[in-house]
Structures are given as C-alpha cells and as structure tokens.
Amino acid sequence: MPILEGDEVSGLEARYKEALEWIFSIKRFGSKLGLEYIGHLLELMDNPQEDFRSVHVTGTNGKGSTTAMVASILSKAGFRTGMFTSPHLSSFTERIQINSCQIPLDDVLKLVDEIRPLCKEMEIDPGLRHPTFFEIVTAMAFQYFSDRRVDFAVIEVGMGGRLDATNVVKALVSVITNVGLEHTKVLGNTVLEIAEKKAGIVKKGGVLVTATQDDEVYLLLEEICSVVGSRIFRVGTDIIFKRLSTNYEGQRFRLEGIRHKYKGLNLPLLGKYQLLNAAVAVGTVEALGFHGVNVPVEAIEKGLKNVEWPGRMEVVQRSPLVLLDVAKDIEAMKAVKEALLSEYTSEKLIAVVSISSDKKIPQMIAELSQVVDRYVITVHRVLGRAADPLLIVSEAHRHGKPSEIVPNVKEAIARAITLAGGNGMVIIVGSVFLVGEAREIWFESKNP
C-alpha cells in the first residue's frame, strides 16, 4: 500500500467510516441462521472459500482463544494463515487477519464496493433476501483470504455450527472446544441439542478435536463422527497436559499429544482454562497430519509462545494489578472465578462490571461474588445493549457485596483503581464492549 499523506488519509478514513456504517446498518435485518443465502452470495463471488484449506472452530467458550492459537502456530510453521473471528474488541479490522496483520482499510473498502451491489441484487430478487451482517462479513473474509492466496484459514463459528454462515467451508479439522447452554432460543434447550448443532461442522473424512468434559456430549460427538466418517480426539484421554508453572507473564506446561510429547510449552495467556484451549490447539495442528500437513514441533512451541488474544485475563497494569476479561456467560464467569481463586491474592478485589442485557446476570454475578469484595457498575457505550446497572446492583447486594454506579467507563475504572489501593486488584469483566472500551485507556485504538 503506498504511503498516504494529509488529504488522502482523511479521505480514506471518511470512506472507511461510511463503509463501516453501511456494514453495521445491515444489523437491522437481524441474525438468521442458514446456508442458502450465504451460499448464493458466495456463488456470485465465484466461491472464494474453495481457494484455501481451513480449520473450523466452534464451542461455547474458548473458541476465539483456540482459533488464535491455531492460527499463530500455522503462521510460525511458514503457512500464509488467515484468521476470522468475532466480535472485535476495538476495531472492525481485528476480525479479519493474515499472519496476525489486520486487514487494511483500503481492502475493507474494496470488498465493500464488490459486495454491496451483490447484496442489492439479492434484496430485489423475490426468491432471496438481503444478506445479514454476519453473512456479509464472512463473505468479505473469505474473499480477502482468496485474494491474498492464504494457505490456511482458521475460522471461528459465529453461532452454533451446522447452520452458521461459516459452515460453507470444507474443513480438514473441526474443533468443538466445549458445549454449554447458550443461545437456547435458537440452538436448543439442552446441552445435547446444542452439541448436535455444533457437530454440524464435522466433515466426512475430517478430524474432530474436542475438550468437552461432559461424557454424554462426547458420546454423542463420537456417534456423529462414526456416522459422518470422521476421526475424533479428546483432550483428557487422547491429549493430556499438566501445568508446570504460572506467573503474570504466562504459563508453562507439558503435553502428550496425538503425535508428540512436549516437555515444556510456554503460553502468555493466563488462566488454567487457557491450557485446555492450548491442548485443543496442539491436537488440532497435529491432526492436520492425517491430511499430509506436518507441523514442526518448533512451530508449535513458537506459535503458542507468541500468540496474542487480548481481553482474556489480560494484565494491563501492575500497581494495582488490573486485569481485563471478556466473560460473556456463566461458564466464562466461572472460569474467571476459578482463575482468581487459584492464581491471584490481594487485599481487596474490585470488579468493574457491565453486562449485556440478554445475559443471565443473576447467575453470572453469583459466580463473581464468590471472589469480589466490591463492585463498580458502569455502562458500556453501545446503546441499547448494556443491562440496567440497577439490576446488577441488586444482584450484588443479594450476595452481600457493596456496590456503586459510575456510568462512564473511564471514570468507573479510575474509581476502582482508587478503591483497590496499591495492594489491591481490579478486574474489568463482562461485556466485550466494556473490555474493548477499557483497553483504549491502555492501548490506543488503531481503527474504528
């Protein structure tokens, strides 16, 4: 990309802002599962998803971290590796990356210019409909990966699996990190119903790697793999790990994988649950060997050591210690609680919290209240998504925890740091929108 000056930069940014406004305006069409319309859109684009090999990752928790780890390992192995994740913390361009480099603004503009008329064509066709936000962004990612001739794309599912827009790829290896109750109105009312939908990403002749600790879920996945004709490997039986040490810089662990034994692997991400995700990631890249793709041990070591996945037990300040974590549901909040109980000690723990209104707030606060001394309740800036802070206050009081409301996120964080004092600790936890906004205090946001 040529170096831009003055008016050229401002013109690019203005056009990029307009393009993003169009993309996000599509959310008015809602979220619709199904492959018919994304399939039609991609057909109009000459099926870019067929131009690269892929790894497909779903799960209730940990799928983003696992996606980042697999992509990092493949990049270190010398493959040109695309990564597609959602949602983003601070910048839309985080969603689409190649070898850890976010998609440039001018490429976003180019893709929007290509896709926008195709969407209009589908909208006016009485037999079709306008693609949804996620369908459009998925198509953009696939086209970008095709244009840039990636060797592999590591793709995170948006919701569920079988009918998710990403499930047009024919993945060599599929991943189901775990299965819990989520999006029950869409995916089903039981864990097994949800697991069955997630297993829709398993492909004939492929490999499934999972870290589910639910034996009933595993038996269902095993049965589905048998029917489809896919191998299956499970963390805890086929892949075994043990943590050796941990500090604020990361964790060290050993692992017995499908193909190799690793005496000492390093991971910069904190929390024991991240070791579970790392075990899945190692199993996933090893499973590529069944398709003739052999990833060197050195690439696995370097990929894990250098992985970046912000907003997950992320240390952003030391005195007092300040952590950020996107804990979007009950299971994620349990993982945060367990990490805080087992790995951190402080005189006082203050939680800055904002949670989206569609989450199970009473259960989430019940988990967090087992470790938190005081709450500072705030409101992230995405209008209409944040829960009423008074609801969170009432839940905090139900568990005997004092709380206060500071609507502005930056002011809420400053207040929490003051309350924590030099020997205390602050965790900023809850909505992805809260964590994204909070990160801007410590890290300058690059793009909208």
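Contact here means heavy atoms within 4.5 Å. Keep that cut-off in mind for the first stop. The model on screen is predicted.

**Stop 1: two crossing helices**

Select helix α4, residues 105-124, and helix α5, residues 133-147. Their axes come within 10 Å and cross at roughly 125 degrees. That angle makes α4 oblique to α5. The crossing of α4 past α5 is right-handed.

Now show the side chains where the helices meet. On α4, pick D107, V108, K110, L111, V112, E114, I115 and C119. On α5, their counterparts are I136, A139, M140, Q143, Y144 and D147. Colour this contact by class: nine residues are nonpolar, one is polar and four are charged.

**Stop 2: T138**

Stay on helix α5 and select T138. Is T138 buried or exposed? Its relative accessibility is 0%, so T138 counts as buried. Leave aside the neighbours within four places in sequence, and T138 is in contact with I38, F84, A165 and T166.

**Stop 3: V168**

Move to the loop between β5 (152-156) and β6 (173-176), and select V168. V168 has 17% relative accessibility and therefore counts as buried; the cut-off is under 20%. Which residues does V168 touch, not counting those up to four places away in sequence? They are L35, I38, L42, Q49 and F142.

V168 and G127 lie 41 residues apart in sequence and 20 Å apart in space, C-alpha to C-alpha.

**Stop 4: the six-stranded sheet**

Next, bring up the open sheet of six strands. Follow the order β12-β13-β17-β14-β15-β16; the pairing is mixed. Which strands stand at the edges? They are β12 (314-318) and β16 (403-405). Each has a single partner strand, so one side of each is left without a neighbour in the sheet. Neighbouring strands here are turned by 20 degrees against each other on average, direction ignored.

**Stop 5: walking across the strands**

Start at the edge strand β12. β12 runs antiparallel to β13, and four bridges join them. The two form a hairpin with two residues between them. Select V315 and find L323 of β13 opposite.

Step on to the next pair. β13 and β17 pair in the parallel sense over six bridges. L323 stands opposite I427 in β17.

Six of its six residues are buried, so β13 is largely enclosed by the rest of the structure. Look at both faces of β13: L321, L323 and D325 are buried on one side, and V322, L324 and V326 are buried on the other.

Then go to β14 (residues 349-354) and β17 (residues 425-430). This pair is parallel as well, with six bridges. Opposite I428 of β17 is V352.

**Stop 6: helices on the sheet**

Finish with helix α14, residues 409-420. α14 packs on the sheet too, touching β12, β13, β14, β15 (374-377), β16 and β17. Compare directions with β14: the angle to α14 is about 165 degrees.

How values were computed
Residues are numbered from 1 along each chain as its sequence is written. This is a predicted model: local features need pLDDT of at least 70, side-chain atom pairs count only at pLDDT 80 or more; totals for chains, interfaces and linings use all residues. Side-chain values use heavy atoms; hydrogens and water are left out. Two strands pair if DSSP finds at least two bridges between them. Axes are lines fitted to C-alpha atoms, for helices over the stretch in contact, and angles run from 0 to 180 degrees between N-to-C directions. Angles under 35 degrees count as roughly parallel, over 145 as roughly antiparallel, 65 to 115 as roughly perpendicular and the rest as oblique. A crossing is left-handed if the near helix is turned anticlockwise from the far one by less than a right angle, and right-handed if clockwise. Ala, Val, Leu, Ile, Met, Phe, Trp, Tyr, Cys and Pro count as nonpolar, Asp, Glu, Lys and Arg as charged, and the others, Gly among them, as polar. Buried means under 20% relative accessible area, exposed over 50%, partly exposed in between (1.4 Å probe, protein chains only).
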